[in-house]
Every structure is written in C-alpha cells, then in structure tokens.
Amino acid sequence: MPMPEFTLPLGDPAFVRDPYPLLARLRGETAAFRDPALGRVFLTRYEDIAALLRDRRFGRSVLHRYTRDELGWPPPDPRQANFDAFNGNHLLDSEPPKHTRLRSLVGLAFTPRRVEGLSGRIEAILAAQLAGLGDGFDLVTDYAEPLPVTVIAELLGVPPEERAMLRPWSAAIVRLYEPTYTPQEQDEAERAVLDFSALLRDLARRRRSEPQDDLITALVQAEQEGDRLSERELIDTCILLLNAGHEASVNGLTAGVLALLREREQWKRLVEAAPREDSLPLFRTAVEELLRFDTPLPLFERYVLDDLTLHGEELHPGEKIGLLYASGNRDPRRFGDPDRLMLTRDPNPHLTFGLGTHYCLGAPLARLELALSLRALVRTFPGLRLEDPGADPEYVGGFVIRGLRRLEVVPG
C-alpha cells in the first residue's frame with residue numbers, strides 16, 4: 001500500500017500559529033506521509049521519530065557517503081557557497097567519524113562545569129534587564145532576546161562593542177534552514193556568514209597570542225591525542241553555538257510564557273513557589289514541560305543513507321525525512337493527556353533536544369537559561385498578563401525556526 005500524500009501548509013500563518021490540531025489529525029491517521037510539494041517523507045509519531053534519531057541508516061549529512069552526481073543532485077548554488085561551506089563543516093551537520101572528532105574536541109571546552117558556573121552571571125544579567133522594564137513591554141525583544149546573546153557572547157569572549165550584529169547575523173543564517181526561502185534571504189545569509197566569520201577569525205588569532213578565560217581560548221587550546229580544531233572548524237563551531245543556543249532559548253521562553261499566561265492556574269503555581277530558595281528544581285521541571293508542550297524547533301530533518309523500506313515505502317540515499325518533533329511531543333501513545341500543560345510532568349522524555357548521536361550539545365546551557373529566566377520573571381512580575389488576551393500572536397520566520405515576533409505583556 002503506497003504511503004499517503006499530504007502537503008503541509010508550512011507557509012500558512014494560521015498553521016504556524018497553531019499547528020497542533022492538524023498535526024493531531026495527521027498523527028491519528030498515519031505514522032508517515034509523503035509531501036509531494038516539499039519532496040519529503042514526514043514522520044508524525046514519537047516512537048518512529050525516536051527510533052529514526054538513533055538509526056545509523058539516516059544522517060544529518062549524506063555527502064560524506066555519496067557525491068552529488070551519484071545522488072542525481074544539481075551542482076551547488078553559488079549564491080550560498082559560504083553558507084553551504086559553514087553548514088557542511090560544523091558538528092550539527094556532520095556524521096562520524098568527523099562528528100565524533102568535532103564533538104569530542106568541543107566537549108573539552110564546553111563542559112558542564114563551565115555551564116553551571118554561569119548561573120551567577122545569568123542572574124545578574126536578568127536582574128539588570130528586569131530593572132529596566134516599565135509598565136508594559138515586549139517579552140521577546142525586551143527580555144527573551146538579550147540574555148542568550150549576551151551569555152553566549154560572554155562565554156565565547158566576544159567584546160561588548162562587537163556584539164551588536166550577533167542577533168541579526170543569527171536570524172539571517174537560520175532562515176536558510178526553512179524548506180523554502182527567497183533570493184534576498186540567501187544573500188543576507190551569505191553576508192552574515194562572511195561577516196560573522198571575519199569577527200571570529202580575528203578573535204581566534206588574538207586569543208592564540210593573548211589567551212583569556214573564555215570559550216574561544218578554550219577551543220583554540222582544545223587538543224586530544226595531538227588533534228586540534230582547524231581555524232575554519234573553530235569559527236563554524238562558534239557560529240553554530242550562537243545560532244542554536246539563541247533560537248532555542250528565545251523561542252522556548254516566549255512560547256512557554258505565552259502558554260502559562262493562558263493557563264493562569266499553572267502560572268500561579270510558579271508564583272507561589274518562586275520566592276523560595278529551593279524553587280529552581282520546580283522551574284527546571286516546568287521548563288521541560290514547556291519545551292514539550294509548544295516545541296520551539298518543531299521540525300528537524302535527516303537524509304536517507306542506505307536503500308531501505310520505511311512504512312512500506314522504498315527510500316533511497318539522498319532522500320529527506322522530516323521529523324515532526326512538535327507532533328511527537330504531543331503523541332498520546334507516549335504522553336498522558338498530551339494537550340494539557342502539566343508543569344510537574346515526570347518523566348518527560350520530549351524530543352526537543354533530539355536523541356542519539358546528535359543530541360544537542362548546548363542543552364544544559366539552554367535549560368539553565370530558561371529556568372533562571374522564567375524564575376526571575378515570575379519573581380519580579382507575579383501579576384504578569386497579556387496586554388491583549390484575545391489577540392492572535394504573530395510568528396516570525398517559518399515552521400523550522402518557529403518564534404513569536406512580539407509578545408506584549410503588562411506587569412498586572
């Protein structure tokens with residue numbers, strides 16, 4: 001029996017705003033479908049997505065195994081040559097043994113101890129941000145966006161006077177991860193990769209002669225069995241850390257707060273707990289549920305690496321598989337009452353940070369930022385509410401990087 005066909009309305013603002021009813025219908029009808037418009041097979045259910053993430057017959061890259069000619073692909077687009085070079089060189093889109101080598105070297109510098117040591121600095125940044133907020137503010141630009149950019153910039157060692165473009169560069173680069181994009185967005189991503197690389201190349205060269213207590217210095221010095229990161233690998237790793245860490249943190253916090261302000265009883269639970277010194281574990285658990293309930297990165301992809309059959313469909317190397325994390329995270333086969341926000345849900349094996357070889361390296365930092373950001377916000381503005389509860393939120397970008405454009409709130 002052939003796999004059913006369905007075209008996901010990824011460009012429809014109504015779908016981006018609330019994809020869950022359609023995803024629930026698709027998930028109930030079929031475990032997999034082919035999208036003829038996007039040329040991909042999509043998986044809808046948790047068990048299949050989780051299994052594929054651990055299956056070595058699929059990968060983030062395919063060009064480590066086959067040439068473009070062997071795959072029947074056209075030549076690469078010269079208009080995004082620098083973006084493609086960056087994308088093919090960092091650890092997110094590489095496969096073993098390259099991925100193993102890069103992750104091992106980066107792990108020497110990006111340690112749990114270094115991440116947990118940021119707690120005090122994160123809380124100081126949050127306190128300064130909250131002190132500057134007035135009677136009403138945009139949670140996205142005034143609160144959620146500055147923290148992860150500041151933290152990753154400080155972690156890397158980017159001087160304050162050179163940070164202004166980090167957020168715009170990140171936004172331009174990640175736009176090319178959507179299934180469709182415009183020539184203008186292509187140009188903007190190319191320029192962002194070039195400018196970001198120039199900044200990091202200069203910093204890396206300075207750190208070689210003048211080491212500092214920062215991640216760029218640690219990456220420059222990271223060595224295992226005589227192996228070091230090349231300059232290009234170091235630069236692309238730093239760009240990836242900013243892009244990945246920023247998008248997940250900003251979109252996770254803003255979508256989470258929106259969900260909480262719509263579910264006042266859940267918000268009140270956090271308000272009651274927030275003043276306590278021992279409240280952070282509750283906020284950490286709440287963050288896991290918020291990341292499951294409204295997934296900030298709803299769609300990831302893998303390439304088929306071997307001839308295989310998936311749900312009765314014959315697939316061949318180079319074909320793309322879309323993994324609907326947002327659907328898997330609401331799958332009633334894995335989560336009880338999945339459309340209900342339950343801040344103390346435990347266990348909570350959501351898919352948001354991936355699984356297997358490509359499990360998110362920055363997950364500990366994202367979790368720490370989100371828990372501390374949410375607690376500081378609740379402590380400072382316990383009566384926080386939406387400025388216009390009846391308004392439909394507007395999302396920027398597409399479905400792969402799904403984030404609120406604005407979220408106007410008042411202290412209450």
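Which residues in helix 11 meet which residues in helix 12? Leu166, Trp169, Ala172 and Ile173 in helix 11 meet Glu188, Ala189, Ala192, Val193, Asp195, Phe196 and Leu199 in helix 12, where contact means heavy atoms within 4.5 Å. By class, this contact of helix 11 with helix 12 has nine nonpolar, no polar and two charged residues; Ala, Val, Leu, Ile, Met, Phe, Trp, Tyr, Cys and Pro count as nonpolar, Asp, Glu, Lys and Arg as charged, and the others, Gly among them, as polar.

Please keep in mind that this is a predicted model, in which local features need pLDDT of at least 70 and side-chain atom pairs count only at pLDDT 80 or more, while totals for chains, interfaces and linings use all residues. Residues are numbered from 1 along each chain as its sequence is written, and side-chain values use heavy atoms, with hydrogens and water left out.

**How helix 11 crosses its partners**

- Helices (H or I, at least four residues) and strands (E, at least two) are DSSP runs, numbered from the N terminus.
- The axes of helix 11 (residues 166-174) and helix 12 (residues 183-209) come within 8 Å and cross at roughly 135°; axes are lines fitted to C-alpha atoms, for helices over the stretch in contact, and angles run from 0 to 180 degrees between N-to-C directions.
- That makes helix 11 oblique to helix 12, given that angles under 35 degrees count as roughly parallel, over 145 as roughly antiparallel, 65 to 115 as roughly perpendicular and the rest as oblique.
- With helix 14, the axis of helix 11 comes within 10 Å and the crossing is roughly 85°, so helix 11 and helix 14 are roughly perpendicular to each other.
- Here Leu166, Arg167, Ser170, Ala171, Ile173 and Val174 in helix 11 meet Ile239, Leu242, Asn243, His246 and Glu247 in helix 14.
- By class, the contact of helix 11 with helix 14 has six nonpolar, three polar and two charged residues.

**Helices enclosed by the structure**

- Helix 14 has 32 residues and reaches 47 Å from its first C-alpha to its last, close to the 46 Å expected at 1.5 Å a residue; the expected span is 1.5 Å times one less than the number of residues.
- Ten of the 14 residues of helix 16 (residues 280-293) are buried, so helix 16 is largely enclosed by the rest of the structure.
- The buried residues of helix 16 pack against helix 2 (20-29), helix 14 (231-262), helix 15 (264-273) and helix 18.
- Helix 18 is also largely enclosed, because 14 of its 18 residues are buried.

- Most residues other than glycine have a negative phi, and most peptide bonds are trans.
- The peptide bond from proline 96 to proline 97 is cis, with omega near 5°, and proline 97 sits in the loop between helix 5 (81-87) and helix 6 (98-109).
- Aspartate 346 and proline 347 are joined by a cis peptide bond too, with omega about 5°.
- Histidine 311 is not a glycine, yet its phi is positive at about 50°; histidine 311 lies in the loop between strand 8 (308-310) and strand 9 (313-315).
- Aspartate 337, in the loop between helix 17 and helix 18, has a positive phi of about 50° although it is not a glycine.

Terms used
Buried means under 20% relative accessible area, exposed over 50%, partly exposed in between (1.4 Å probe, protein chains only).
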